[in-house]
Amino acid sequence: MKRTAILGACLLAATSLWAQRPMTAPAGGKAISDHLIGIFFEDISNAADGGLYAELVQNGAFEYNAGERAGWGPGTAWRFIRPGHSSGNITTLQAYPLHVNNLNYMRILIERVGHYYDFDGWTGVGLQNDGFNGMNVKAGAKYDFSAFMRNVSGKAKEVRIALVVPGREQKLLADQTVKVVGPDWNKVEAVLEPTEDCPNAVLQILVLTVGEMDIDAVSLMPEDTFKGHGLRKDLAETLQAMHPRFMRFPGGCVVHGGGDGFWNTYRWKTTLGPKHERKQLKNTWSYHQSMGLGYFEYFQFCEDIGMEPLPILPCGVSCQGVNGGWGMKDQAQDACPMDEMDEWVDEALDLIEWANGDVTTKWGRVRAEAGHPEPFNLKYLGIGNEERISPEFMERFKYIYDRVVAAHPEIIIVGTAGPGSHPGNPDYDNSWKFAEEIGLPIIDEHYYEPTQYYLDSRQYDNYPRDRKTKVYLGEYSAQNRGRDNQLLDALAEAVYLMHVERNADVVDMTSYAPLFASKDNRNWTPDLIYFDTERVYPTCSYYVQQMFGESAGQYYYGDCVSIEGADKHQEQSVVLNVKTRELFVKVGNASADKKVAKVDLSRFKGMKKVAERTVLSGNPEDGNTFGKITVEPVRDVVNVKPRMTLDIEPYSFVMLKIKL
């Protein structure tokens, strides 16, 4: 290589390395949190089973029951089938279960195997699973079938596993035949590869040999999941595109049992291990949790995306809504006896060891045996969720808090401000007093308010700056009873989030709630992301979250933008990311009037002349739910200079990303 070429290559490499180095922030900026935008996951509206968890079979372990939803039982989502004039029956049993955490199984009696049905060889006695409103399968894709089966009587059983288009014609998409031998439970596996796309396929399991056979823990998983870790790819990618810095899990009211009481508390240890050994649970939103998306899958997902896990554990006190408590003047609350609280302390200490301990520790070894020998490096731990700040709560919270902090001072504990986290609310006032007394690092505030609140309020402008406790705005959204998310709601949230960015020296983290909802099973309105078996429907609010996630930084500048004639329908924010050398200018206008913003970025040296512009705009009543996508951000490239003006159209949110 010639000397000039070598020098050129060295100069190029040095320039590249220089560009990757963090820059020094110009004067006038305020240090803020750069992990402000995260996601809050709760299994509500089929967010997990039938949603992010890629499993296609519903009620594969036959554990559904009427206590979860009226009319439900072990056969929910299943049908007894006997094509070709075959005869037999099915029975739910518990006598010799597959596992103590999975008591129900199905016995199939095959009395007679008939002749052909509507296409070659379609006969036998067995079961059909309809999935979650059908199974969306793709031609040429591979789907892994598994189930535990045992031969109870008669010869070894020949069993046909098939994906079928439902209806009178019963068109075959894929099938495999397996053999069941022996009286003990054995895992049976097959791979199905459909010949064509079908949005609502069903799974059929047909026994072709006379006698009795037991079946349990039926599963059909697509091989093409997010990074191969069992999560539905399009939903996971939609979350990844938000650029979230953390993920709170598993809730929400799911954490402490909701209105069902403390017996229904989520226990992280029972979500580990083989899927058929996990303890399934009634979902507090009146359906069922298979725990297929458990703590291992959650931590793995955080690692795959680059988020910090923020697990939330019970604190020894139930939701105040237990036993109809929401309608009572003095809301009810179940409380664990103090002499039993060590169990809940161990719940927290063992989780930290499971996440961070090396393979020589008890729980670190459990993690390693699951396939992850390296620690997950847990930094945050939430204790409690939205409980009433009663004397019983404070006593139990402090009992756990003191012991966890003593054992693991490196872990950042997140507490709760109770429901309705606004100044003047008794729970809010009590929670902040309590937080300051014990030195709580972060407190979790929740509130759902009408759209106008987010336009009118600047709650965090007045928070004291001498508090050591930071804020996590863990649940919020513009909520207008009886209607879904609209553009005006999202713009109001954008205006409010720019005020939050201004106060991100006090507010450390935020997450919109709820995150997911199946459009066929909704427990709450609105939600951030809707889905069905085929598609994902991001809402207007989703795109606002995405823009804020993309524009994270470490310094806020409040004097770079002025909006002529501004009122509370407009806000602005300028954020510098010194790590990526990017400057973000955001201006929101939630009014019907066009605005002009004067921008002065002259303090930021080395600005590129071209910037990426993202605009979210439309009619204020536009929305993106249930298959109707009417509002999406438009991205283009524009010329910029240190001093300029921006025309801000009515009902719009504009972001410039400028390289430095």
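In this predicted model, five strands form an open sheet in the order S4-S5-S13-S8-S11, and their pairing is antiparallel. Strand S4 (87–93) and strand S11 (186–192) stand at the edges. Each has a single partner strand, so one side of each is left without a neighbour in the sheet. From one strand to the next, the twist averages 30°.

Strand S5 (residues 105–112) and strand S13 (residues 211–222) pair in the antiparallel sense, over five bridges. Opposite Ile108 stands Met213 in S13.

Thr209 is placed in the loop between strand S12 (198–207) and S13. Is Thr209 buried or exposed? Its relative accessibility is 15%, so Thr209 counts as buried; the cut-off for buried is under 20%. A polar atom of the Thr209 side chain lies 3.0 Å from the backbone nitrogen of Glu158. Neighbours within four places in sequence left aside, Thr209 is in contact with Ile110, Val113, Lys155, Ala156, Lys157 and Glu158.

A further open sheet has three strands. Their order is S27-S30-S33, again with antiparallel pairing. The edge strands are strand S27 (561–563) and S33, and each pairs on one side only. On average, neighbouring strands of this sheet are turned by 20° against each other, direction ignored.

| Strand pair | Bridges | Residues facing each other |
|---|---|---|
| S5 and S13 | five bridges | Ile108 and Met213 |
| S27 and S30 | three bridges | Val561 and Val599 |
| S30 and S33 | six bridges | Val596 and Asp647 |

Strand S33 (residues 643–648) deserves a look, side chain by side chain. In a regular strand the side chains alternate between the two faces of the sheet. Which residues of S33 point to the buried face? Met644, Leu646 and Ile648 point to one face and are buried.

Next comes another loop. Cys336 is placed between strand S17 (308–313) and helix H4 (342–356). With a relative accessibility of 6%, Cys336 counts as buried. Leaving aside neighbours within four places in sequence, Cys336 is in contact with Phe262, Gly316, Met341, Trp344 and Arg396. Gln546 is 210 residues away from Cys336 along the chain, and the C-alpha atoms of the two are separated by 40 Å.

Now step back to the whole chain. How many helices and strands are there in the chain? There are ten helices and 34 strands. Along its principal axes, the C-alpha trace spans about 85 × 70 × 60 Å. The radius of gyration is 28 Å. A compact globule of 660 residues would have a value near 26 Å, so the chain agrees with that expectation.

Buried residues make up 58% of the 660 residues. Among contacts with a separation of 6 or more, 75% come from residues 24 or more positions apart. The accessible surface of the chain comes to about 26,400 Å². Carbon and sulfur atoms hold 50% of that surface.

Note on methods: Residues numbered from 1 in each chain as written. Predicted model: local features only at pLDDT ≥ 70, side-chain atom pairs only at ≥ 80, totals over all residues. Heavy atoms only, no water. Pairing = 2+ DSSP bridges. Helix = DSSP H or I, 4+ residues; strand = E, 2+ residues; numbered from the N terminus. Axes fitted to C-alpha atoms, helices over the stretch in contact; angles between N-to-C directions. Buried < 20%, exposed > 50% of the residue type's maximum accessible area, 1.4 Å probe, protein only. Polar contact = N/O pair within 3.5 Å; in protein donor to acceptor, adjacent residues only side chain to side chain. Contact = heavy atoms within 4.5 Å. Rg over C-alpha atoms; globule rule 2.2 N^0.38 Å. Areas by Shrake-Rupley, 256 points an atom, 1.4 Å probe, with all protein chains shown as cover.
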